[in-house]
Amino acid sequence: MRKLRWLMLGRALFAMLTLGAILVYRAGERLSFFVEPLTSLYVVAGFVFLVNLLYLATFRWFRHEEAFGGIQIFGDVLVVSAIAYLTGLLYSPFLFLYPIVIICGTIILGRMGGYFTAGVSCIAFGVLVNFQHYGMLAPPGFESSPFAQDFTGQVVFYRTSVLFLACLVTCLVSGYIAEQETRARADLAVMEEQVKRVEKMAIIGEMAAGLAHEIKNPLASLSGSIQMLKGEKGWEPHHEKLMGIAVRETARLSGLVTEFLLFARPGSGSPVPILVASVVEETVALLEQDARYGHHVGVEVLVVEGLTVRMDLGHLRQVMLNLLINAAEAVPDGGTVIVSGYRQNRNAVALSVKDDGVGIDPDIVKHIFDPFFTTKKEGTGLGLSIVHRLLEESGGGIQVVSCPGDGAEFLLSLPCDPGGPSPRELRDRC
């Protein structure tokens with residue numbers, strides 16, 4: 001809509017400048033007000049101005065902006081064709097308006113809109129030139145002009161081809177620029193979302209760190225005291241049961257506080273060269289030993305041998321375990337999780353965790369890495385937030401690609417290690 005407003009403003013300025021230029025030319029040549037082609041140009045300029053006012057009046061009631069823009073661009077092509085016809089057509093000094101309209105069409109309607117505008121412009125101009133060549137119409141005053149003697153088939157073909165080539169080059173260049181602008185806007189939107197998430201995580205992280213430190217020490221004292229009480233004699237059986245519940249809930253709360261601390265202040269750890277395949281296989285083995293997931297999930301590992309990254313070993317294990325647990329929870333019995341890894345470029349390694357589960361709704365994907373956001377009944381909403389934070393601290397990143405009913409894929413970018421120890425040394429370390 002903003003672009004359409006600028007287009008209407010530019011069209012109004014063009015109509016006013018055209019009318020002013022005609023009046024200045026008439027006064028300089030001391031011509032009558034009613035002489036061709038000046039009279040026809042008055043009509044065209046006035047028509048453009050009135051149509052622009054009509055566009056402006058109906059601007060608020062148009063619900064489909066692209067259709068409204070297409071109507072305006074198509075009208076501009078017809079107006080430029082009329083101006084070209086009135087000013088000599090093939091020899092008109094206003095043929096440069098065709099590329100300008102094509103650029104406007106690309107800006108308003110995108111790359112395909114620019115191609116459409118260029119096609120309509122070439123067709124409109126070609127039809128008019130053919131009509132003139134075969135004597136079916138002639139621009140006002142053309143027969144008495146010196147150009148009439150040079151109006152041969154070769155000249156028509158040459159000048160028409162030049163205009164068509166200019167239109168083609170214009171639509172290709174403007175289409176490429178428009179596509180790059182669209183990509184840049186999309187990348188900027190993603191970056192803005194990431195900045196907002198980082199700011200939110202930083203604020204909540206500081207709060208979580210302070211709260212966790214205040215809670216963790218009393219929890220340790222409470223747990224120790226309960227353990228000592230359990231060792232005393234004279235307790236009834238139901239007392240033992242109550243003490244067991246207290247110890248279990250204290251441990252659960254302690255684990256939650258530990259997650260808070262990991263999210264709030266993960267630190268960069270101790271970055272070392274790590275063999276990715278070894279860590280993935282180790283994490284998959286842990287998952288298979290878990291009674292909650294190991295019996296119904298099949299995990300396939302497709303990691304390139306010898307692939308190494310440079311980050312904290314504990315952080316990478318934490319990231320892989322969280323992602324594998326999430327994937328296992330998302331797939332039904334007999335589901336499959338595929339972990340693949342390869343060298344993305346000179347400085348990064350790509351790691352993918354893909355499942356064939358129910359997928360993730362697009363509205364949820366927007367907030368999936370936000371802290372305390374969860375769709376699980378017993379979830380804390382910190383698992384993926386911790387993954388995101390750990391990868392950021394390591395100089396990596398994570399994205400999710402998912403469609404409802406078609407599974408989900410988490411794409412990790414990890415800092416690679418160009419040199420370092422041999423694969424055998426890395427296996428011993430991992």
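Me: Which residues is Asn 326 in contact with, leaving aside its neighbours within four places in sequence?
Reply: Asn 326 is in contact with Lys 376 and Leu 384, once neighbours within four places in sequence are left aside. Please note that this is a predicted model.

Me: Where is Asn 326 found, and is Asn 326 buried or exposed?
Reply: Asn 326 is found in helix H8. Its relative accessible area is 18%, and because buried means under 20%, Asn 326 counts as buried.

Me: What does H8 contribute to the largest nonpolar core?
Reply: The largest nonpolar core has 45 residues, and Leu 323, Phe 410 and Leu 412 have the most contacts inside it. Helix H8 (residues 313-330) gives the largest share of this core, nine residues.

Me: And which residues does Leu 412 touch?
Reply: Not counting residues up to four places away in sequence, Leu 412 touches Val 319, Leu 323, Val 349, Ala 350, Leu 351, Leu 391, Gly 397 and Ile 398.

Me: Let us turn to the strands. How many bridges join E2 to E4, and which way do E4 and E5 run, parallel or antiparallel?
Reply: Strand E2 (residues 297-303) and strand E4 (residues 335-343) run parallel and are joined by seven bridges. In that pairing, Val 299 has Val 337 in E4 as its bridge partner. E4 and strand E5 (residues 348-355) run antiparallel, also with seven bridges, and a hairpin of four residues joins E4 to E5.

Me: What stands opposite Val 339, and is Val 339 buried or exposed?
Reply: Val 339, in strand E4, stands opposite Val 353 in E5. Val 339 counts as buried, at 0% relative accessibility.

Me: What does Val 339 touch?
Reply: Beyond residues up to four places away in sequence, Val 339 touches several residues, including Val 280, Val 299, Val 303, Met 320, Leu 324 and Val 353. Val 339 and Val 303 are 36 residues apart in sequence, yet their C-alpha atoms are 7.0 Å apart in space.

Me: Val 280 brings up H7. Which residues of H7 are buried?
Reply: Val 276, Ala 277, Ser 278, Val 279, Val 280, Thr 283, Val 284 and Leu 287 are buried in H7. Helix H7 (residues 276-289) has 14 residues and reaches 20 Å from first to last C-alpha, close to the 20 Å expected.

Me: Which residue does Glu 282 meet in a salt bridge?
Reply: The side chains of Glu 282 and Arg 317 meet in a salt bridge, at 3.0 Å from N to O. Glu 282 lies in helix H7 and Arg 317 in helix H8, so the pair ties together parts 35 residues apart in sequence. Glu 282 is partly exposed, at 27% relative accessible area, and Arg 317 is likewise partly exposed, at 28%.

Me: How many salt bridges does the structure hold?
Reply: The structure holds five salt bridges. In one of them, Glu 179 pairs with Arg 111, with the closest N and O atoms 1.9 Å apart. Glu 179 lies in helix H5 (residues 153-231) and Arg 111 in helix H4 (residues 97-133), so this pair ties together parts 68 residues apart in sequence.

Me: What about Glu 393 and Arg 389?
Reply: Glu 393 forms a salt bridge with Arg 389, the closest N and O atoms being 3.7 Å apart. Both lie in helix H10 (residues 383-393), four residues apart, so about one helical turn separates them. Arg 389 is buried, at 14% relative accessible area, whereas Glu 393 is partly exposed, at 35%.

Definitions and conventions
Residues are numbered from 1 along each chain as its sequence is written. This is a predicted model: local features need pLDDT of at least 70, side-chain atom pairs count only at pLDDT 80 or more; totals for chains, interfaces and linings use all residues. Side-chain values use heavy atoms; hydrogens and water are left out. Helices (H or I, at least four residues) and strands (E, at least two) are DSSP runs, numbered from the N terminus. The expected span of a helix is 1.5 Å times one less than its number of residues. Buried means under 20% relative accessible area, exposed over 50%, partly exposed in between (1.4 Å probe, protein chains only). A nonpolar core is a set of buried Ala, Val, Leu, Ile, Met, Phe, Trp, Tyr and Cys residues joined through side-chain atoms within 4.5 Å. Contact means heavy atoms within 4.5 Å. Two strands pair if DSSP finds at least two bridges between them. A salt bridge is a side-chain nitrogen of Lys or Arg within 4 Å of a carboxyl oxygen of Asp or Glu.
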